[in-house]
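This briefing covers a predicted model.

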Amino acid sequence: MNARTSLTALAAAAALLASASAMAQGAKLKVGLMLPYTGTYAALGVAIENGFRLYLAEQGGKIGGREVEFSKVDDESDPAKATENVNKLIKRDGVDVLIGTVHSGVAMAMAKAAKDNNVLLIVPNAGADAVTGPMCGNNIYRSSFSNWQPGYATGEVMAKKGIKKAVTITWKYAAGDESVKGFKEAFEKGGGSVVKELTLPFPNVEFQALLTEIAAIKPDAVYTFFAGGGAVKFVKDYDAAGLKKSIPLYGSGFLTDGTLEAQGASADGLFTALHYGDSLDNAKDKSFRLAYAKTYKLQPDVYAVQGYDAAQILGIGLNAVKGDVSKKAEFAAAVEKAKIDSPRGAFTLSKAHNPVQDMYLRQVVGKENKVVGIASKSLADPARGCKS
């Protein structure tokens, strides 16, 4: 290659870089929503998208100075279809950022694809511990929780109440397994004992045989993790079996979040732990709830908050890099030092990019998950295995 050819090549490369930079500034930001829009978790997916769009509307339709263009895929909460679905967004649609999802098994496939393709991923619900553990990186973030967090907080509460013997019941999949693991860690540390771990396949809701087994064991209390339609049926079946009166039921907050209307009186009095509740006394939550109700004619739940905060995290990072999604390290640095003004109360992100947040103790009163105390203050995920 002679000098003139070399100079020409350098000039062309510089032009390409300049063009790419200009495109990053002026082109629309392509956001890929991979959420459940059908099945057990459909309502959760809709609430997450609503929350995300509400924040976007508050910013005049732009994030990081860029207008947003959405691509959407229904993940059906099916891990078997997850890789194919996420590749539709990454390879077919060329998205700049992925937002998803609810099911932990699907989220793991999304995290692997995001890592392999160096695409930004913000998880607005799925609590799979590995996302902010072994999978952690400067392009992966979570606006929700790790499965360990609400389980651990509930274990602390039950141990402090003097409960000694507990049974756990959940779906046999990552979210259920990890929630129970967090619960056991705190409950046993506090002097309690888990005498039986009951499971059934996701999304099976045939609970009767397991409820009969709980009645025979006669534990002091039951800890459970269910969400969506499964949570509705479990709470109603538990009550119908006559167990609610004799064996107190505690749960990760997803048991009663977004489900109270359908659960009716069966949920009255239940205690749960979560990073959000219906009676928080902070200005951000009041304005958020008012805006959400006005926009969607619905009351928001934790899923809407997590969608809203996913957009907030994206906005903080993109504002710092002037909309250039290629600057992953600078994006990460901005988000890691931010204090996020959330409806749940201000929170930060750990080095592994999982929220460090208060876990509230809530009790169902009427149609509200009323906050009655702090279950665990500024609870940080252990982020086991994170190399970040």
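L98 has L121 of β5 as its bridge partner. That bridge belongs to the pairing of β4 (residues 97-99) with β5, two strands that run parallel and are joined by three bridges.

- β4 and β5 sit within an open sheet of six strands, ordered β2-β3-β1-β4-β5-β6, in which the pairing is mixed.
- At the edges are β2 (62-63) and β6 (140-142), each of which pairs on one side only.
- β1 and β3 run parallel and are joined by seven bridges; in β3, K72 is the bridge partner of L33.
- Strand β5 (residues 120-123) points L120 and I122 one way and L121 and V123 the other way, and all of these residues are buried.
- In general, the strands of a sheet pair through backbone hydrogen bonds, which may be parallel or antiparallel.

**The nonpolar cores**
- The largest nonpolar core has 74 residues, and those with the most contacts inside it are Y141, I214, F226, F234 and L314.
- Helix α11 supplies the largest share of this core, with 10 residues.
- Another core, of 24 residues, lies apart from it and has V73, A82, A107 and I140 among its members.
- Beyond its neighbours within four places in sequence, Y141 is in contact with L120, L121, I122 and V123, and its other contacts include I313, F331, V335 and H353.

**Helix α3**
- The buried residues of α3 (residues 82-92) are A82, N85, V86, L89 and I90.
- Seen down the helix axis, these buried residues fall within an arc of 130 degrees, so they line one face of α3.
- The face turned away from the buried side carries E84, K91 and R92, which are exposed.
- On the buried side, α3 packs against β1 (29-35), β3 (66-74), β4 and α4 (104-117).
- N85, which has its place in α3, has a relative accessible area of 5% and is therefore buried, the cut-off being under 20%.
- Leaving aside neighbours within four places in sequence, the contacts of N85 are M34, V73, D74 and D75.
- G94 follows α3 and has a positive phi, near 60 degrees.

**Helix α10**
- α10 (residues 283-296) has 14 residues and reaches 20 Å from its first C-alpha to its last, close to the 20 Å expected at 1.5 Å a residue.
- K284, D285, F288, R289 and Y292 are the buried residues of α10.
- The buried residues of α10 pack against α2 (42-58) and α11 (302-320).
- The N-terminal end of α10 is capped by N282, with a side-chain oxygen 3.2 Å from the backbone nitrogen of K284.
- Just after α10, K297 has a positive phi of about 55 degrees.

Definitions and conventions. Residues are numbered from 1 along each chain as its sequence is written. This is a predicted model: local features need pLDDT of at least 70, side-chain atom pairs count only at pLDDT 80 or more; totals for chains, interfaces and linings use all residues. Side-chain values use heavy atoms; hydrogens and water are left out. Helices (H or I, at least four residues) and strands (E, at least two) are DSSP runs, numbered from the N terminus. The expected span of a helix is 1.5 Å times one less than its number of residues. Buried means under 20% relative accessible area, exposed over 50%, partly exposed in between (1.4 Å probe, protein chains only). Contact means heavy atoms within 4.5 Å. A polar contact is a pair of N or O atoms within 3.5 Å; within protein, one must be able to donate a hydrogen and the other to accept it, and residues adjacent in sequence count only if both atoms are side-chain atoms. A nonpolar core is a set of buried Ala, Val, Leu, Ile, Met, Phe, Trp, Tyr and Cys residues joined through side-chain atoms within 4.5 Å. Two strands pair if DSSP finds at least two bridges between them. The arc is that of the directions from the helix axis to the C-beta atoms.
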